[in-house]
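Subject: Structure handover

Hello,

Here is the structure I promised to pass on.

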Amino acid sequence: MFEKSISKMKLNDLMKATKDFSKENIIGTGRTGTMYKAMLSDGSYLAVKRLQDSQHSESQFISEMATLGNVRHRNLVPLLGFCVAKKERLLVYKHMPRGTLYDQLHQVDDKEKVLEWPLRLKISIGAARGLAWLHHSCNPRILHRNISSKCILLDEDYEAKISDFGLARLMNPIDTHLSTFVNGEFGDLGYVAPEYTRTLVATPKGDVYSFGTVLLELVTGERPTQVSKAPESFKGNLVEWITYLSNSSLLQDAIDKSLIGKDYDGELLQFLKVACCCVLSAPKERPTMFEVYQLLRAIGERYHFTADDEIMLQPQSTDADYLDELIVAQ
């Protein structure tokens with residue numbers, strides 16, 4: 001019922017499917033609202049996002065949904081439907097059984113297996129592909145503005161799917177007027193580009209910075225706001241810790257110990273250097289999202305995660321050449 005176009009759904013049906021938005025069905029919470037697991041009468045699952053404080057009128061909201069319903073890519077969580085009733089604004093997505101990347105990295109039970117390196121690399125490439133598509137191929141282009149490991153969801157095969165892009169600012173290449181649900185919000189702590197607090201303007205390079213923080217999480221296993229491996233006297237966030245190690249020529253000490261010595265060491269260091277380029281303090285020195293995707297794809301070449309025709313963009317040079325240039329520059 002959802003494939004052809006986005007569906008308008010009834011509040012009663014969604015309340016029933018989520019058991020009246022019960023706490024037991026909460027998948028995650030964020031600045032824009034709460035996500036619930038919803039079970040339909042046939043036993044299948046959906047995910048329902050209950051937005052908080054949407055300022056859009058009903059007609060504006062429906063118009064926004066019509067646009068976002070057409071944004072489809074293999075690395076984006078499909079927006080299947082919506083509901084608007086009085087003050088309620090609900091978005092309906094495909095359910096992702098592996099949950100968020102944040103939970104996979106940071107809330108692993110002892111019984112569960114820690115994510116191995118090839119899987120982390122696959123996730124990074126998929127997420128980069130989705131974000132590059134939003135920046136470079138989607139029309140109108142979309143800035144995510146709120147990227148974090150909590151909005152990168154994983155399907156049963158650990159394929160990365162970016163969520164919450166519908167709550168980002170829409171950026172038309174010609175018209176600079178931006179429409180948004182999230183006025184004055186700058187994203188989760190630890191992911192926010194330093195220039196945002198000065199300029200108050202969301203940019204593609206701001207998304208790159210946030211994505212760079214996600215890459216650092218993947219390679220270090222650390223949370224963005226607190227670093228367990230850092231000495232007690234260190235009070236900074238993950239990016240600040242990486243900057244400190246880099247300036248002290250100790251960058252290799254940042255890599256997750258569980259990944260070392262398994263024939264991945266060269267890839268890990270290359271990956272870490274790409275992440276460092278993304279979180280440079282000067283926006284103009286950061287790569288574009290397409291370049292980030294190309295760099296990660298080059299690192300993961302031996303795993304055959306990607307096909308050549310997946311993203312219809314012209315690279316500035318071959319993947320391997322660009323990777324060499326960037327790492328030499330570092």
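Predicted model: local features only at pLDDT ≥ 70, side-chain atom pairs only at ≥ 80, totals over all residues.

Residues are numbered from 1 along each chain as its sequence is written, and side-chain values use heavy atoms, with hydrogens and water left out.

**Whole chain**

The protein chain has 10 helices and 10 strands. Both are DSSP runs numbered from the N terminus: helices are H or I with at least four residues, strands are E with at least two. Of the 330 residues, 52% count as buried. Buried means under 20% relative accessible area, exposed means over 50%, and partly exposed lies in between (1.4 Å probe, protein chains only). Take the contacts between residues at least 6 apart in sequence: 64% of them join residues at least 24 apart. Contact here means heavy atoms within 4.5 Å.

Two packed helices are described by the angle between their axes and the distance between the axes. The axes are lines fitted to C-alpha atoms, for helices over the stretch in contact, and angles run from 0 to 180 degrees between N-to-C directions. Angles under 35 degrees count as roughly parallel, over 145 as roughly antiparallel, 65 to 115 as roughly perpendicular, and the rest as oblique.

*H6 with H8.* Helix H6 (residues 204-220) packs on helix H8 (residues 265-278) at about 150°, with the axes 7 Å apart. H6 is therefore roughly antiparallel to H8. The crossing is left-handed. That term means the near helix is turned anticlockwise from the far one by less than a right angle; clockwise gives right-handed. On the H6 side, the contact is made by Val-208, Tyr-209, Gly-212, Leu-215, Leu-216, Leu-218 and Val-219. H8 contributes Leu-268, Phe-271, Leu-272, Val-274, Ala-275 and Cys-278. By class, this contact has 12 nonpolar residues, 1 polar and no charged. Ala, Val, Leu, Ile, Met, Phe, Trp, Tyr, Cys and Pro count as nonpolar; Asp, Glu, Lys and Arg as charged; the others, Gly among them, as polar.

*H6 with H9.* The axes of H6 and helix H9 (residues 289-299) come within 10 Å and cross at roughly 25°. These two helices are therefore roughly parallel. Their crossing is right-handed. Val-208, Phe-211 and Leu-215 of H6 meet Met-289, Val-292 and Leu-296 of H9. The contact of H6 with H9 holds 6 nonpolar residues, no polar and no charged.

*H8 with H9.* Here the axes come within 10 Å and cross at roughly 175°. H8 and H9 are therefore roughly antiparallel. From H8, the contact takes in Glu-267, Gln-270, Phe-271, Val-274 and Cys-278. From H9 come Val-292, Leu-295, Leu-296 and Ile-299. The classes are 7 nonpolar, 1 polar and 1 charged.

**Aromatic pairs**

A search of the whole structure finds 5 aromatic pairs. Rings of Phe, Tyr and Trp (its six-membered ring) pair if their centres lie within 6.5 Å; planes under 30 degrees apart count as stacked, over 60 as edge-to-face, and the rest as tilted.

One of the pairs is Phe-61 with Phe-82, which is edge-to-face: 6.0 Å centre to centre, 70° between the planes. Phe-61 sits in helix H2 (residues 58-68) and Phe-82 in strand E5 (residues 79-85), 21 residues apart. Phe-61 is buried at 0% relative accessibility. Phe-82 is buried too, at 5%.

Another is Phe-234 with Tyr-244, which is tilted: 6.3 Å between centres, 40° between planes. Phe-234 lies in the loop between H6 and helix H7 (238-247), and Tyr-244 lies in H7, 10 residues apart. Phe-234 is partly exposed at 23%. Tyr-244 is partly exposed at 44%.

**Two single residues**

Gly-126 is in helix H4. It counts as buried because its relative accessible area is 0%. Leaving out residues up to four places away in sequence, Gly-126 touches Asn-75, Glu-159 and Ala-160. Its C-alpha lies 9.4 Å from that of Leu-76, 50 residues away along the chain.

Val-114 is in the loop between helix H3 (101-106) and helix H4 (117-136). It counts as partly exposed because its relative accessibility is 43%.

Best wishes
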